[in-house]
Amino acid sequence: MRAARLIKMVLLLQSRPSMTAAELAQELEVSERTVTRDAQALSEAGVPVYADRGRIGGYRLIGGYRTRLTGLARSEAEALFLSGVPGALREMGLEDAASAARLKVSAALLPSLRDASRTAAQRFHLDAPNWFREPQTPELLPAVADAVWDDRRITARYRRGAGESRHEVERELEPYGLVLKAGVWYLCARVAGRDSFRVYRIDRFTAVEPREERFERAEDFELPAFWEERAEQFARSLLRAEVVLRLTAEGMRRLPHVVDAVSAREALEGVAEPGAGEWVAVTLPVESEEVARTQLSGLGAEVEVVEPVSLRKFFAAEAERLVRLYRRE
């Protein structure tokens, strides 16, 4: 513990011209007396820590005691600090490790680049959760994250199904990667002894036990590509029905904003935009007729439902109801 604290103290002093005992004590979460003892220990070990006495005194390194990463441009240094997403790292239990890594990089950068972490934070912030949804960190996320970083197999119990059909199953998994999607954590893993990969919601895990043995990663596995493919497969699996529509040019423009992106892309592929006053017919994959009611209502008079007849009758009745509503005195 003390060795790690001494290293952190050197890195702090290396990243700033000078720090007071109070500032060091706050950063290291110790007393000022401990800071004094640590500074003396570093000096005895050959690290040139110098103490400036007086009201504005403090500690600093002398003699050019510094390791530098040369060749980094400002844009590269700022991009480096964007790689850590504080909220996600905190939920995975990696906040301390990320903080130490950033500190080491800051200490090694040229003086002109040491404000890269601050300038990056001023220009970029990732807010992963959806609006109107209170984010909840799965209790077992840190344990799963540890196994992912360590390439260690886990025995996991998780809930399958919903309602009365819900039951628990147990699997031995090889955890390959974590994905944070709209505030929900997912694990991409391979069942031990099988070739196929699957996706698990971590908040459905009820128990996670790390195993002694590690697994060898498949060299051709790429997490971003795998997730993109699975996400599109999942979106397509929900589209079990079709509706036939007539759209204006404005309706075509607004369609991707009211329905699923995969659905809109399939419907509009190869369809030319109509001219003024013209309409174009498209076939739109939808999850269900009930979902289509909600989604297509957002297009107003820019869409006409042709089929199914039941959905067309719904919008006709809804239009009549709106006319009666707005014609009332």
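This dialogue covers salt bridges and a nonpolar surface patch in a predicted model.

User: What should I know before reading the model?

Analyst: Residues are numbered from 1 along each chain as its sequence is written, and side-chain values use heavy atoms, leaving out hydrogens and water. The model is predicted, so local features need pLDDT of at least 70 and side-chain atom pairs count only at pLDDT 80 or more, while totals for chains, interfaces and linings use all residues.

User: What is a salt bridge, and how many are there?

Analyst: Side chains of opposite charge can pair when their charged atoms come close. The rule asks for a side-chain nitrogen of Lys or Arg within 4 Å of a carboxyl oxygen of Asp or Glu. By that rule the count is 20 salt bridges.

User: Which residue forms a salt bridge with Arg-217?

Analyst: Asp-151 does, with the closest N and O atoms 2.7 Å apart. Arg-217 lies in the loop between strand S7 (205-214) and helix H9 (223-238), and Asp-151 in the loop between helix H8 (141-150) and strand S3 (152-160), so the pair ties together parts that are 66 residues apart in sequence. Helices (H or I, at least four residues) and strands (E, at least two) are DSSP runs, numbered from the N terminus.

User: Where do Glu-172 and Arg-153 lie?

Analyst: Their side chains meet in a salt bridge at 3.3 Å, N to O. Glu-172 lies in strand S4 (residues 167-181) and Arg-153 in strand S3, so the pair ties together parts 19 residues apart in sequence.

User: Which helices hold Glu-232 and Arg-265?

Analyst: This salt bridge has its closest N and O atoms 3.2 Å apart. Glu-232 is in helix H9 and Arg-265 in helix H11 (residues 261-268), so distant parts of the chain, 33 residues apart, are linked. Salt bridges that share partners also form one network, joining Arg-153, Glu-172, Glu-174, Arg-190, Arg-211 and Glu-213.

User: Which residues make the nonpolar surface patch?

Analyst: Patches use residues with over 30% relative accessible area and no salt bridge; like charges are joined within 9 Å, nonpolar side chains (Val, Leu, Ile, Met, Phe, Trp, Tyr) within 5 Å. Areas come from the Shrake-Rupley method with a 1.4 Å probe; for residues, only the protein chains shown count as cover. Here Leu-322, Leu-325 and Tyr-326 make a patch of about 340 Å². Tyr-326 is in helix H13 (residues 309-327) and is exposed at 68% relative accessible area.

Definitions and conventions. Buried < 20%, exposed > 50% of the residue type's maximum accessible area, 1.4 Å probe, protein only.
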